[in-house]
Amino acid sequence: MRILGIDPGLRVTGFGVIDVDGPRLRYVASGVIRIPPGALPPRLGTIHAGITEVIGEYRPQAAVVEIIFVNVNPQSTLLLGQARGAAITTLVAAGLPVHEYTAVQVKQAVVGTGRAAKSQVQAMVQRLLSLPGLPSTDAADALGCAICHAHAATMMATAAGMSAPEALRGVRIKRGRMR
């Protein structure tokens with residue numbers, strides 16, 4: 001199963017792609033989509049075009065987007081929400097199942113504590129994926145989203161009696177008699 005993680009932003013949107021085979025995680029790619037300053041609609045278009053390119057190149061089977069937190073500045077929160085909306089719309093239009101986790105959930109899954117610093121997330125992503133160097137903070141957050149989903153899907157599969165690939169895709173199996 002190939003998972004694409006997205007850390008949305010209006011200046012920089014991070015992406016990370018991993019392959020999951022049971023408990024094994026394998027790094028595929030990561031990077032950032034740099035969004036030039038200017039009016040909001042073209043910036044959202046850049047996010048859409050960048051994610052479309054990543055999907056076309058790496059062909060993920062599931063996607064994960066970090067849920068934004070509410071900033072002190074409501075205007076910043078609204079703008080970030082629009083970047084997130086552009087990312088989710090692009091993923092859904094590509095036919096990908098989209099899963100969402102908060103930053104606290106991602107940090108808990110990757111580092112073991114929901115209050116981890118960005119540098120701790122970077123270091124653990126590097127270790128978990130056997131990377132030769134630290135990924136950028138935005139790429140590390142995106143890879144962390146993908147890792148979080150891989151771990152969550154494994155736990156959900158065990159609890160629901162599903163295979164990990166079914167849980168990663170979000171497939172629900174109904175057990176019992178058909179009527």
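What share of the contacts in the protein with a separation of 6 or more is accounted for by residues 24 or more positions apart? In this predicted model, such residues account for 56% of those contacts, a contact being a pair with heavy atoms within 4.5 Å. Residues are numbered from 1 along each chain as its sequence is written, and side-chain values use heavy atoms, with hydrogens and water left out.

The protein contains six helices and five strands, arranged along the sequence as β-β-β-α-β-α-β-α-α-α-α. Helices (H or I, at least four residues) and strands (E, at least two) are DSSP runs numbered from the N terminus. Of the 179 residues, 42% count as buried; buried denotes a relative accessible area under 20%, exposed over 50%, and partly exposed the range in between (1.4 Å probe, protein chains only). The protein exposes about 9600 Å², of which carbon and sulfur atoms supply 57%. Accessible areas come from the Shrake-Rupley method with a 1.4 Å probe, and for residues only the protein chains shown count as cover.

Five salt bridges are present, each defined by a side-chain nitrogen of Lys or Arg within 4 Å of a carboxyl oxygen of Asp or Glu. Side chains of opposite charge can pair when their charged atoms come close. One of the salt bridges joins Asp 19 and Arg 2, with the closest N and O atoms 2.7 Å apart. This pair links distant parts of the chain, as Asp 19 lies in strand 2 (residues 12-21) and Arg 2 in strand 1 (residues 2-7), 17 residues apart. Asp 19 also meets Arg 26 in a salt bridge, at 2.5 Å from N to O. Asp 21 is partly exposed, at 47% relative accessibility, and Arg 24 is exposed, at 53%.

The loop between strand 1 and strand 2 contains Arg 11, which is exposed at 70% relative accessibility. Leaving aside residues up to four places away in sequence, Arg 11 touches Ile 33, Arg 34, Ile 35 and Arg 43. The C-alpha atoms of Arg 11 and Val 32, 21 residues apart along the chain, are separated by 9.9 Å.

Strand 4 (residues 62-67) pairs with strand 5 in the parallel sense over five bridges; pairing requires at least two bridges found by DSSP between two strands. Val 65 has Glu 100 of strand 5 as its bridge partner. Together with helix 2 (residues 74-93), strands 4 and 5 make a right-handed β-α-β unit. A crossover is right-handed if, with the strands pointing away from the viewer, the path from the first strand over the helix to the second runs clockwise. In a regular strand the side chains alternate between the two faces of the sheet. In strand 5 (residues 98-102), His 99 and Tyr 101 form the covered face, and Val 98, Glu 100 and Thr 102 the uncovered one.

In helix 4 (residues 118-128), the buried residues are Val 121, Gln 122 and Val 125. Viewed down the axis of helix 4, these residues fall within an arc of 100°, so they line one face of the helix; the arc is that of the directions from the helix axis to the C-beta atoms. Just after helix 4, Ser 130 adopts a positive phi of about 55°.

Notes:
This is a predicted model: local features need pLDDT of at least 70, side-chain atom pairs count only at pLDDT 80 or more; totals for chains, interfaces and linings use all residues.
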